[in-house]
2 protein chains.
Amino acid sequence: MLKYQEIAKKIEKKIISDGLAQGEKLPSLSQLIADYQVSKSTIVKALSNLEAKGVIYQVQGSGIFARRRKKAGYINMVENQGFTSDLDKFDLTTKVINIQLTAPSEEVMSNLQCEADAEVYHITRLRYINGQVLCLEESFYLKEVVPYLNETIVTDSIFNYLTSDLKLNIGFSDKHLHVGKLQAETAQMLGLKPADPALYMEELFYLVSGQAFDYSKTIYHYEHSQFFLQSSSV
Amino acid sequence: MLKYQEIAKKIEKKIISDGLAQGEKLPSLSQLIADYQVSKSTIVKALSNLEAKGVIYQVQGSGIFARRRKKAGYINMVENQGFTSDLDKFDLTTKVINIQLTAPSEEVMSNLQCEADAEVYHITRLRYINGQVLCLEESFYLKEVVPYLNETIVTDSIFNYLTSDLKLNIGFSDKHLHVGKLQAETAQMLGLKPADPALYMEELFYLVSGQAFDYSKTIYHYEHSQFFLQSSSV
């Protein structure tokens, strides 16, 4: 983690522990430099990071202010680290349905921008929040980037494994979403009825280098999932 | 519009007109400075703006690259300017159901952080995309910030009116989302059946000053709406 990211995390923790509400003022730039004993440019970068994440807003000539906190239990849509980190106060568990090293389909090839002779891990998991089904997730990981996955790893947070063990730097993601009616088979897996509503999310995750490595299709249980999205003024 | 925002818009237009795909390289920083005849700091700010918006990514020591373009017809979830700007290649029309100056409910007061004696414009609109119902939108605008609205204005893009005529600087937004089943009355307005799926979105828009001015609740027609979200590496 870079210095400014570390400082950004500390400032965010302080905002939470101080219980700052929407519109409440943070210390001035010079006070933050003194508090965290870092250079001005590090604080400026940390603040712009927090601004982009929707944690603070800055008003020229006026100061730095806290943004509204999301309601507990909402999944942050902008988060790139998987929702394990986002819902860490909740009991998240996983049931692995399928884990298989396979050749990519046309759809996977076009998303992961790989050739037909590439290998991908095809992982299907049911994820639970506090014992209730949260979603059914089907993911394709490019073996070239993620050389090894097994049941133990995928039962846990795959993203933790990628960042902590494989030391991958996860960069950005593209998400496409729509709402639809459940098919019979999927409904059964989610414990719902055919034609019940669902949120369908298609995600493509990239390393900071721009290499796509994870293509995922997730179907969310409409009664057990809710989402939050904070956009900044950029 | 600030200089760097203007340059960011120009660079984005160039990316689109050049048809750059995911991973295709932009000119170097020094080339961009020469091309646009602006200072280094303006280009750096423009690039960080484009990065936060998911238009480009920057790889240290390697260069500046285009991100994947969203598929046509998808609504950008991070956009703060209303979706009129986002779907401008589509025929967007509006039917005004209700426009009324009223006292705020408890719910509106807590969201717009106003007192019981404040006045709000309560606007209900059906919005259509290419003649099909896109969503039912119920909005509350704080009169203190938006002193006047009439049927002509709300039939058009309210956000265009706010930025072009009232010269308001729209800052950021909070969105809460969930999927659910339609009630009978809403289903009828959307041309759907009771218990059909829908995306429910609650949005709160702020000026750059941090003042909340628009609280909206939108119900999207599940067959006519789809969404896109690009997150950056911050």
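Which residues is A:D196 in contact with, leaving aside its neighbours within four places in sequence? I took contact as heavy atoms within 4.5 Å and found A:G180, A:K181, A:L182, A:Y222 and B:K181.

I note that this is a predicted model, in which local features need pLDDT of at least 70, side-chain atom pairs count only at pLDDT 80 or more, and totals for chains, interfaces and linings use all residues. Residues are numbered from 1 along each chain as its sequence is written, chains are lettered from A and ligands numbered from 1 in the order in which they are written, and side-chain values use heavy atoms, with hydrogens and water left out.

I then looked up the setting of A:D196. A:D196 counts as buried because its relative accessibility is 9% (buried is under 20% relative accessible area, exposed over 50%, partly exposed in between; 1.4 Å probe, protein chains only). A polar atom of the A:D196 side chain lies 3.0 Å from the backbone nitrogen of A:K193.

Next I turned to salt bridges (a side-chain nitrogen of Lys or Arg within 4 Å of a carboxyl oxygen of Asp or Glu). I recorded 21 of them over all chains. B:D196 forms one with A:K181, the closest N and O atoms being 3.2 Å apart. This pair crosses between chains. B:D196 is buried at 9% relative accessibility, whereas A:K181 is partly exposed at 34%.

A:K175 is buried at 3%, and A:E203 is buried at 9%.

Terms used
A polar contact is a pair of N or O atoms within 3.5 Å; within protein, one must be able to donate a hydrogen and the other to accept it, and residues adjacent in sequence count only if both atoms are side-chain atoms. Helices (H or I, at least four residues) and strands (E, at least two) are DSSP runs, numbered from the N terminus.
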